Amino acid sequence: MALGLKAKRTFAAVGLMVAQAFMAGALVTVPVTTAQAQSASQIVVEGNRRVEADTIRSYFKVGPGERLDAGKIDQALKALYATGLFQDVRITPSGGRIVVTVVENSVINRVAFEGNRKVKDEQLTPEIQSKPRGTFSRALVQSDTQRIVEIYQRSGRYDVSVEPKVIELSNGRVDLVFEVNEGAKTGVAKVIFVGNTSFSDWRLKDVVKTGETNLLSWLKSNDIFDPDRVEVDRDLIRRFYLRNGFADVRVVSAVSEYDPSRKGFVITFTIDEGDRYKFGVVDLQTSVRGLDVDRLRARMRTRSGAVYNADAVEKTVEDLTIEVSKLGYPFASIKPRGDRDYNARLVNVVFVMEEGQRAYIERINIRGNTRTRDYVIRREFDIVEGDAYNRALIDRAERRIKNLNYFKTVRVTNEPGSAPDRVIVNVDVEEQATGEFSVSGGYSTADGLIGEVSVGERNLLGRGHVARASLQYGTRARGFELSFVEPYLLGERLALGLDVFGKQTTSSTYYSYTSSTIGGNIKLGIPITDNIVMQPRYSGYRQEISLPSAYQNCNNINPNSAAGTYPTPLFQGLVDPATNQPFAYNCYADGEASLAVKRELANGPVFVSLVGLSTSYNTLDNNKAPTSGLLITLNEDFAGVGGDVKFSKTTLDARLYNEVVPDVVGVLRIQGGYATGWGGADLRMLDHFQGGPNIVRGFAPAGWGPRDLTPGTNNDALGGSMFWAASIEFQTPLFFAPKDFGMKLAAFADAGQLLDYVGPTSWAEKGLIMTCPGQTINTANPMANAACYGNDSTLRSSVGVGLIWNSPFGPLRFDLAYPITSESYDKKQLFRFGGGTKF
């Protein structure tokens with residue numbers, strides 16, 4: 001039976017109300033009587049071109065014998081709009097039927113971006129949801145527009161505007177074009193700290209990652225405003241204070257305000273420092289039966305009386321967790337409990353060990369690693385599937401994965417497993433570029449101008465391997481280097497390093513000879529603890545020196561007085577005692593290398609084969625700009641495992657950093673070394689230590705220590721078999737320079753000795769008829785004349801100032817040093833400069 005006019009009008013009104021309710025986002029309940037309800041036995045679809053009619057009918061959920069009421073129509077209308085396939089949907093009754101009239105959305109033919117110079121198409125395309133051959137949706141386009149704006153704001157461009165343009169094409173297709181007006185970069189005009197009384201603004205600016213806009217902004221990106229970075233800085237400030245004794249610290253707020261007059265953001269961190277605490281009583285307690293706490297005390301990094309350090313507490317929990325697991329208690333839970341003594345400003349810490357909940361790792365999921373292999377990430381875990389779940393070890397793995405520097409973001413989360421005692425660990429990462437290509441250049445007073453081209457990869461083929469190739473060419477030095485590192489040898493935490501190198505250093509005012517070296521190294525890095533690393537190694541290299549002909553035209557290597565042959569004298573006009581005739585020429589007039597150098601030349605090329613062991617102890621708070629901690633490196637080398645040379649050499653370098661007063665860091669450095677031949681072999685001059693600015697500043701390379709003083713020779717440095725040196729330095733930032741310039745002023749004092757007991761001072765020229773300082777000439781028997789050399793035990797010392805610049809061009813250092821104690825034949829270098837860049 002056909003519906004009357006009144007019923008038709010009622011149904012039309014219902015459809016209109018449903019459409020209006022859906023478009024307005026509100027749910028409107030339309031009362032429909034049984035008499036008004038219509039059977040769904042026939043639904044007619046009109047206007048569809050790509051979407052099948054049966055597909056549209058399927059959204060009307062009507063079972064057999066059921067009637068299609070207003071509620072079901074409302075649900076179908078919403079569902080059809082939700083598909084994103086339709087621009088308009090109308091539902092009307094007509095002669096006992098339901099007529100569904102649709103207007104399909106267009107199909108996107110092409111998505112393009114215009115005006116985007118700073119952010120490339122390749123970066124924007126993955127971020128938007130509108131895709132070619134997809135359905136055009138105005139709501140989706142608006143969402144994509146906002147997403148593009150957010151991407152630009154993340155890169156510091158808050159003046160960006162994006163306007164989507166739709167170009168109609170035939171057959172229901174459209175081109176979608178996002179027109180971008182990027183605007184100027186919005187930087188950080190000022191970073192302000194409020195409430196910091198214990199640490200200066202300068203010191204805290206070293207802690208945060210956000211920098212200020214200045215003259216060097218074109219070389220960096222940390223001065224671009226990024227709200228996420230500000231939140232990270234907030235946590236970095238808090239952790240910095242917790243490391244330095246402020247257990248009650250709160251970073252109350254981090255407010256970012258745009259300043260139109262400065263055309264940038266002013267970021268203000270408000271800090272409530274609280275009091276500074278020390279560790280009071282530090283103890284271990286356990287409720288785990290059979291666990292001996294005395295065996296664990298050596299693993300503790302906290303001690304009574306030391307400044308409170310939250311990092312030390314955290315690492316102690318990790319170390320104890322690992323040790324307890326090794327003792328057979330994998331489910332033991334270790335929690336630090338702190339009790340503040342506010343009057344004495346002490347934090348009493350008790351590490352409580354209890355039986356934890358028995359839970360096992362069911363599965364470790366690695367997600368987001370499009371390039372890095374799964375096993376590269378999994379090997380950073382000390383636990384695997386099936387092991388006991390331990391939160392401390394999970395946190396440790398997360399830090400290790402972040403430290404790989406392969407990923408932009410790393411997030412480790414848990415979810416329940418298939419049983420109450422099962423846990424699933426999810427590792428979500430986002431890959432970042434790990435390849436490097438650099439062209440670098442620099443200048444130093446020792447090596448002159450030098451340039452380097454290098455290419456490297458920190459995650460080769462996604463396997464975690466490190467590979468690098470470099471080529472250097474300069475005024476006095478040139479060479480190449482190829483290196484490869486396998487960080488996990490045979491699946492263990494052992495780093496295998498392979499190097500092939502070649503270097504040539506030409507003669508200069510510091511050395512009369514040219515040296516050429518080519519060879520290779522095999523190294524194995526073995527971490528003993530977090531602070532101690534041992535590195536056994538093998539080195540094999542071919543070494544050769546050469547001299548200009550002018551420096552070797554006097555035959556004085558092996559004078560033979562019995563045969564009546566003597567070295568040529570220094571001056572023309574002197575008489576040869578064998579013939580009682582004057583010498584005809586002077587071979588020293590154009591310079592001459594020292595006898596020790598010519599002995600090395602006469603030996604020809606040699607192959608050095610040595611084994612060595614390096615042991616380092618590192619507790620620095622920051623490896624690039626330390627303010628506290630100790631770094632000790634001990635090197636042992638033993639040459640003679642095959643090859644042509646036999647010697648043993650030991651060196652020690654220890655550096656202690658301490659912030660003596662706020663923003664003034666003291667550095668105490670102690671160096672020492674000893675070398676000797678073995679198996680009846682002499683210690684070659686080339687294997688001796690040379691006194692230079694790396695030991696005592698104010699002197700040239702090879703500028704002090706034992707030296708051949710034979711008149712007419714080049715007075716080559718002979719080196720020594722033992723040295724020691726001490727240096728004290730104070731570093732403070734230049735407060736008048738912008739913080740991001742990274743400039744520090746240094747004042748230092750150096751002292752050291754270079755001694756020779758077994759080396760080349762006994763090789764200095766003998767048998768010469770010439771005057772050495774304080775020597776009486778024996779013309780009848782020239783071989784009785786003493787050697788002419790400076791074998792001194794004089795203490796060398798100097799004082800000076802320096803400028804340290806951690807510049808965008810690379811680390812630079814300028815030193816002005818004045819020697820306090822020296823010898824007359826020393827070669828001094830009051831000013832020294834060194835540095836380089838990568839671009």
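Biologist: Where is the place of Arg133?
Modeller: This is a predicted model, where local features need pLDDT of at least 70, side-chain atom pairs count only at pLDDT 80 or more, and totals for chains, interfaces and linings use all residues. Residues are numbered from 1 along each chain as its sequence is written, and side-chain values use heavy atoms, with hydrogens and water left out. Helices (DSSP runs of H or I, at least four residues) and strands (E, at least two) are numbered from the N terminus. Arg133 sits in the loop between α4 (121-124) and α5 (138-154).

Biologist: Is Arg133 buried or exposed?
Modeller: Arg133 is not a glycine, yet its phi is positive, about 70°. Buried means under 20% relative accessible area, exposed over 50%, partly exposed in between (1.4 Å probe, protein chains only). At a relative accessible area of 75%, Arg133 is exposed.

Biologist: What is the relative accessible area of Asn405?
Modeller: Asn405 lies in the loop between α10 and β16 (407-416). Its phi is positive too, near 65°, and Asn405 is a residue other than glycine. Asn405 is partly exposed, with a relative accessible area of 40%.

Biologist: Within what arc do the buried residues of α3 fall?
Modeller: The buried residues of α3 are Ala70, Ile73, Asp74, Ala76, Leu77, Leu80 and Tyr81. The arc is taken from the directions from the helix axis to the C-beta atoms. Seen down the axis of α3, these residues line one face of the helix, because they fall within an arc of 165°.

Biologist: Which exposed residues does the face of α3 turned away from its buried side carry?
Modeller: That face of α3 points away from the buried side. Its exposed residues are Gln75 and Ala82.
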